[in-house]
Amino acid sequence: MKRSMKTFIALVYLIGAAALLTAFTGVSNAASSPSKTEESNIISATPLGKDDCLKCHDKEPRDISLDGQKHKTAITCLDCHEGHRPRSPKNIPECSNCHTGKPHYELQGCLRCHNNPHTPLVISIAENVTDACLTCHTEQMAQLQQNESKHTKLSCSKCHREKHPYVPECRECHTTPHTPTMTNKDCLSCHQVHKPLAVTYSDDTPSTSCAACHDTAYNLLVASKYKHSKVACAACHKAKHKMIPLCQDCHGIPHPSKMMAKFPECGQCHGIAHDLNNK
Ligand code: HEC
Ligand code: HEC
Ligand code: HEC
Ligand code: HEC
Ligand code: HEC
Ligand code: HEC
Ligand code: HEC
Ligand code: HEC
Ligand code: HEC
Ligand code: HEC
Ligand code: HEC
Ligand code: HEC
């Protein structure tokens, strides 16, 4: 809390105490000397206390009571609303009276997102917000920029829309998955959303997922009578999309070096990995 806030709160207490005191003397004066009724009426215009607001306002006290968060526990109505109309017609505070010192507090239009100051953490996000997110989250932007894709051009709130921190499912926008049975979890097993073209996956990724785009390879492989047909695509093309393995990674050099000198390519005899000269 800013020092000015503390001073302010101290002041409120002081005023409160003074009010109590005058109220007390007011009453005793009235009792002992009826000639002072007029003065007592004036004095009884005690400054509003924090419990008085409820007498006339329903909505704001209810909002604060239900979801006021630290605006309920750390401060009272009076810390924000200093005075009341008609004497103090301008009693709506600036957020910057109390919140300063972070880039986030330099944003314009706090109420755009925190649209009700009485429920400060109920936040609604408009379309096309990116810069404001960067006052707290920088890693995702870095990923998006270092891995250029069509997602880089979208605003953060195109995906994380309306409520903070809403997380969308891929299919809200991508309505035709590579295979009909793919779940959102599957999408994330190959794609990281802030760098969607850097596809990586684990060894146990089902070959049918690859088949969605590589039906030639898939058909060759499953039709082969050789043992590669039992090996998953992702077990050979390990971890990273477009990686091509070497036969030697798994088999070493299984033949005499004389033979290999004459026929240096495995494929010269075995054809391609997907069918191994299946006939
Ligand atoms: C005796 C009734 C009464 C009490 C008690 C009362 N208010 Fe008000 N308040 C009003 C009225 C009437 C208005 C004007 C409403 C309007 O213009 O629609 C108002 C308006 C306001 C506004 C809006 C000011 C503006 O310029 O638009 C604020 C803020 C406010 N009150 C805060 C408080 C707070 C905080 C308390 C407790 C400390 C409080 N009120 C206690 C009757 C009251
Ligand atoms: C964190 C500061 C803060 C606290 C605490 C706070 N308010 Fe407010 N209040 C505001 C701000 C800012 C606005 C103006 C909102 C706007 O412009 O939409 C406001 C607006 C209002 C209004 C006017 C609403 C209208 O529709 O014109 C009333 C009445 C009000 N507050 C009453 C209260 C009461 C009663 C409490 C305590 C139960 C309270 N406020 C606590 C900051 C606060
Ligand atoms: C009279 C001082 C005061 C004013 C004015 C004020 N706040 Fe606060 N606010 C606080 C304090 C104190 C806290 C709790 C400590 C902290 O987080 O800094 C707080 C906390 C918050 C929180 C976090 C709530 C939580 O429970 O973690 C948000 C969000 C917030 N304020 C937004 C706003 C916005 C937006 C405005 C302007 C509409 C505003 N505040 C005006 C004093 C104020
Ligand atoms: C683009 C939307 C947006 C705008 C504009 C915005 N905020 Fe926030 N604010 C957020 C989000 C989102 C959070 C994170 C809430 C959470 O932690 O759940 C947040 C959190 C906060 C917090 C609590 C956490 C912290 O870091 O202190 C305060 C206080 C706060 N905002 C004050 C402000 C103030 C003051 C302004 C105006 C200068 C403002 N905000 C403008 C979206 C916004
Ligand atoms: C004032 C700081 C602040 C701002 C501004 C802010 N956030 Fe956050 N955000 C947080 C914090 C703190 C968390 C972790 C706590 C939580 O989940 O509420 C979070 C969590 C998230 C999450 C994670 C949800 C999850 O389930 O893992 C997403 C997504 C997110 N924010 C998106 C955004 C977007 C998009 C924006 C801009 C519109 C934004 N945030 C603005 C502070 C902020
Ligand atoms: C194309 C949609 C999309 C865009 C654009 C996007 N996100 Fe996300 N974001 C997601 C999804 C989906 C997740 C959940 C990922 C997961 O569960 O692995 C996520 C997760 C997050 C998280 C939680 C932590 C993490 O990294 O997984 C944060 C924070 C976040 N996003 C912030 C941002 C910010 C800030 C921006 C803008 C710079 C942004 N996002 C842009 C869809 C998007
Ligand atoms: C809010 C909508 C939205 C969400 C949610 C979303 N995307 Fe996208 N995504 C798009 C748009 C728009 C494009 C560009 C499409 C085009 O131009 O054809 C795109 C493109 C892509 C691309 C191709 C990128 C390129 O540069 O060619 C991939 C891969 C992708 N999305 C994966 C995902 C995954 C995985 C998820 C979930 C984790 C997801 N998206 C969530 C809107 C979204
Ligand atoms: C087995 C891994 C894998 C899974 C699971 C997966 N994808 Fe993909 N996806 C890819 C690969 C690889 C590409 C092609 C990338 C390239 O062109 O470099 C791709 C491309 C895309 C594209 C770009 C346009 C296109 O169709 O070529 C989008 C959009 C996309 N995926 C969305 C999704 C969504 C949504 C899901 C979940 C329903 C998903 N992906 C699941 C691997 C996968
Ligand atoms: C959404 C479609 C899509 C999916 C799903 C997909 N790929 Fe691809 N794949 C492509 C595209 C597009 C290319 C580039 C083709 C080109 O360059 O001719 C490619 C290229 C390849 C290449 C060849 C690279 C080269 O240098 O010729 C391999 C190997 C490959 N993918 C393996 C896989 C594996 C393994 C899977 C499953 C884990 C998979 N792909 C899933 C679309 C996809
Ligand atoms: C990721 C590891 C891997 C890679 C890379 C690989 N293989 Fe294999 N290969 C296997 C496994 C596993 C078997 C089955 C072994 C067994 O069950 O005894 C196998 C079996 C074979 C067999 C025997 C087939 C049969 O049905 O008896 C031949 C021949 C073979 N591989 C040749 C190759 C050639 C040529 C290449 C390169 C084009 C290659 N392999 C790349 C893992 C691999
Ligand atoms: C000159 C032809 C030729 C070349 C070049 C060749 N192979 Fe072979 N390979 C064979 C023949 C013939 C067999 C035995 C076939 C059979 O048993 O059906 C065989 C068998 C194998 C087997 C199965 C061994 C077993 O015990 O079942 C593997 C694995 C293999 N080769 C891998 C390779 C690799 C890796 C290379 C490249 C480094 C390679 N071969 C190069 C002809 C060749
Ligand atoms: C036993 C290891 C192995 C398995 C299993 C395997 N591949 Fe391959 N793949 C290779 C090798 C090695 C190459 C390079 C060409 C060659 O030397 O045979 C290759 C080449 C490719 C290519 C690029 C050339 C072309 O044929 O288009 C694609 C795409 C591909 N594989 C996709 C797949 C898919 C999809 C699967 C599963 C259906 C799969 N592979 C299963 C080892 C394998």
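Around ligand 10 there are 16 residues, and the closest of them are Tyr 226, Lys 227, Pro 245, Cys 247 and Cys 250, where a residue is near a molecule if its C-beta atom, placed from the backbone, lies within 6 Å of it. Two or more residues of this shell come from each of α11 (233-236), α12 (247-251) and α14 (267-270), helices being DSSP runs of H or I with at least four residues and strands runs of E with at least two, numbered from the N terminus. With four residues, α12 gives the most to the shell around ligand 10.

The model is predicted, so that local features need pLDDT of at least 70 and side-chain atom pairs count only at pLDDT 80 or more, while totals for chains, interfaces and linings use all residues. Residues are numbered from 1 along each chain as its sequence is written, and chains are lettered from A and ligands numbered from 1 in the order in which they are written.

By class, the shell around ligand 10 holds ten nonpolar, four polar and two charged residues, with Ala, Val, Leu, Ile, Met, Phe, Trp, Tyr, Cys and Pro counted as nonpolar, Asp, Glu, Lys and Arg as charged, and the others, Gly among them, as polar. Ligand 4 is also surrounded by 16 residues, of which Cys 95, Cys 110, Cys 113, Ala 132 and His 164 are the closest, and its shell has ten nonpolar, five polar and one charged residues. Ligand 1 has 14 residues around it, with Leu 48, Cys 53, Cys 56, Cys 77 and His 81 coming nearest, and these divide into six nonpolar, four polar and four charged.

Glu 94 lies in the loop between α5 (77-80) and β1 (124-125).
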